[in-house]
Amino acid sequence: MFRRREPVPFAFLAEADRFRSNVTPPPRRRDSFGELAGRWLLGATLVAGLIGALVVGMPALSTPSGAPGQQSQASHGQAAGGR
């Protein structure tokens, strides 16, 4: 079959990587004191919450300091009066 060699309608897209603009972007907007303080306060709150959760949860993570073979009162009462 015969293929026509005609220019692609969007040939300018292929040349886009070679194009250099002489327009500079506007400078970045500096954050205000309130925005900086808000970010710092949010970060400090998150860190304090994680540390607080760790401190509160530590007793649950630790092993009991009693004797390893110690039994509860209920099991002692049942064993002593066993029928």
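Val-55 lies in helix H2, which spans residues 33-61; helices here are DSSP runs of H or I with at least four residues, strands are runs of E with at least two, and both are numbered from the N terminus. The model is a predicted one, in which local features need pLDDT of at least 70 and side-chain atom pairs count only at pLDDT 80 or more, while totals for chains, interfaces and linings use all residues. Residues are numbered from 1 along each chain as its sequence is written, and side-chain values use heavy atoms, with hydrogens and water left out.

With a relative accessibility of 56%, Val-55 counts as exposed; the term exposed applies over 50% relative accessible area, buried under 20%, and partly exposed in between, with a 1.4 Å probe and protein chains only. Together with Val-47 and Ile-51, Val-55 forms a nonpolar patch on the surface, and the accessible area of these residues together is about 280 Å². Such a patch takes residues with over 30% relative accessible area and no salt bridge, nonpolar side chains (Val, Leu, Ile, Met, Phe, Trp, Tyr) being joined within 5 Å. The areas come from the Shrake-Rupley method with a 1.4 Å probe, and for residues only the protein chains shown count as cover.

The chain as a whole has three helices and zero strands, giving the pattern α-α-α along the sequence. Of its 83 residues, 0% are buried.

Charged contacts come next. Side chains of opposite charge can pair when their charged atoms come close. The structure holds two salt bridges, each defined as a side-chain nitrogen of Lys or Arg within 4 Å of a carboxyl oxygen of Asp or Glu. In one, Arg-39 pairs with Asp-31, and the closest N and O atoms are 2.7 Å apart. Arg-39 is exposed at 52% relative accessibility, whereas Asp-31 is partly exposed at 31%. In the other, Arg-29 pairs with Glu-35, with 3.9 Å between the closest N and O atoms. Here Arg-29 is exposed at 64% relative accessibility, and Glu-35 is partly exposed, at 31%.

Confidence is expressed as pLDDT, the predictor's confidence in each residue, from 0 to 100. The chain averages a pLDDT of 76, and 53% of the residues score at least 70. Where pLDDT is low, the predicted coordinates should not be read in detail.

Note on methods:
Patches are made of residues with over 30% relative accessible area and no salt bridge: like charges are joined within 9 Å, nonpolar side chains (Val, Leu, Ile, Met, Phe, Trp, Tyr) within 5 Å.
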